Amino acid sequence: MSSSNKNVSIVNVCSGCFACYNVCPAGAIEIVLSREGFYVPKIDKSLCTNCGLCLKVCPVVNAPSSEDRFSEPKVYISWSLDEKTRLNSSSGGLYPELAKLILENGGIVFAVGWNKEWLPQHKEVSDYSQLSETLGSKYVQSYVGDTYRRIAELTEYGKKVLFVGTPCQVAGLRNFIKQRRVIEDSVFLVDLVCFGTPSPSVFKKYLTENFNNKKITAISFRDKVTGWSTSSFSIYDKTSRIYSVPLFKDSFLRGFLIKLYLTRICYSCPFSKLPRQGDITLGDFWGVPDKYKDEKGVSVVLVNSEKGEELFNQLREKQIIFAEQVSLETATKSNPRIVSGHMKMPNERDKLLMEIHSKSWKYISRKYINLSVLGDLLEEV
Ligand SMILES: Cc1cc2nc3c(=O)[nH]c(=O)nc-3n(C[C@H](O)[C@H](O)[C@H](O)COP(=O)(O)OP(=O)(O)OC[C@H]3O[C@@H](n4cnc5c(N)ncnc54)[C@H](O)[C@@H]3O)c2cc1C
């Protein structure tokens, strides 16, 4: 490697974790949207000192060490015993219970809310009143911003922190923590079982074209009006639910579920495997044994480290969650993404993402989404 390219510009499969941006001491990295509409670093060569720190923390180049992980995770069927909390979340409402525990003890939570354009963004939560917008899965790549730097700062003041994110984001943060010598015991990491993150540019196009004249006040990708296993995609204004359809019937969600516009690395994700990146992993318990089936939502919880166990046990001791230990196989049978990051990339993905800038959503969805579900792709619409 020559000294002139000792930076992340040489990494050609970026997960968009923001670790390089956060670690750069020269301020030489900004985050921009790639041509495909995903968050990627852009290096200002005039500011880069070739220190190499961005490459050191890049989890695609350097996988975080797994020395503190259990050899096999402890796996649970779980849900919040507070019905409202459970119903307001995507799965069993474990995230809000963990968040409340941290806040109760004076800690700070970093999780995903919205920016002004209704694109997902990591936010700092220090108070219960800020928690609601971070509830629920947003099926779009989130903008992490300077979250990791802020976490380092808060731990220096003796704060405990909970970070929730996709496996790649948690991997990036773990490398950042090591590099910046952040007190590891102060940071609790939760990674999600993750199918992949759709392009923010695609979601923006969908939203602008279909809801531009509406005053949106909330978006739920997993509204339980029709139950947990058959959840709906809903959009609200101040007074009512203005749009609500089962996931497969919405063009954006259907395109997500048939994997049409995920971040390139998601099709062979190096982080969706054991040992998991988080101290705790949260997901949907697809294929939950009949005895525990419940349309209010059921979570799969993987406890991956002693730190994770300490936190999860506090929820159990306080009797605010239901938790039943099961085998790893029971959890992975219908949810292979817990242990494998591989899936086929649809042939049409690259072409669709090339067209997203010049064509309407109506054109894109008719050409690629409705028809590719039928396994047939017309060249002209
Ligand atoms: C993009 C994505 C794909 C997923 N794919 C799967 C899957 O294939 N299988 C599966 O079992 N589970 C998947 N999940 C996880 C699942 O949907 C729930 O988020 C998880 O079970 C937690 O639910 P909960 O009821 O405990 O809490 P919830 O209240 O639903 O909490 C959701 C948590 O996810 C965080 N979050 C939301 N959107 C994002 C985002 N875009 N990026 C990073 N963090 C985010 C929120 O900040 C919050 O902490 C996915 C989640 C996301 C965001």
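A polar contact is a pair of N or O atoms within 3.5 Å; within protein, one atom must be able to donate a hydrogen and the other to accept it, and residues adjacent in sequence count only if both atoms are side-chain atoms. This is a predicted model, where local features need pLDDT of at least 70, side-chain atom pairs count only at pLDDT 80 or more, and totals for chains, interfaces and linings use all residues. Residues are numbered from 1 along each chain as its sequence is written, and side-chain values use heavy atoms, with hydrogens and water left out.

| Residue | Protein atom | Distance to a ligand oxygen |
|---|---|---|
| S137 | polar side-chain atom | 2.6 Å |
| G93 | backbone N or O atom | 2.9 Å |
| N335 | side-chain N or O atom | 2.9 Å |

Taken alone, the ligand exposes 890 Å², and the protein buries 98% of that (Shrake-Rupley method, 1.4 Å probe).

Where does the ligand sit? Its place is the largest pocket, with more than half of its atoms within 2 Å of the grid points. A pocket, on a 1 Å grid over the protein atoms alone, is an open set of points where a 1.4 Å probe fits, with protein on both sides within 12 Å along at least five of seven lines; lining residues have an atom within 4 Å of a point.

This pocket holds about 1,100 Å³ of space. Among its 49 lining residues, S137, Y139, V193, R222 and D284 are closest to the centre. S137 and V193 also belong to the residues that come nearest the ligand.

Key. Near = heavy atom within 4 Å. Points joined across faces, edges and corners; volume = space filled by probe spheres on them.
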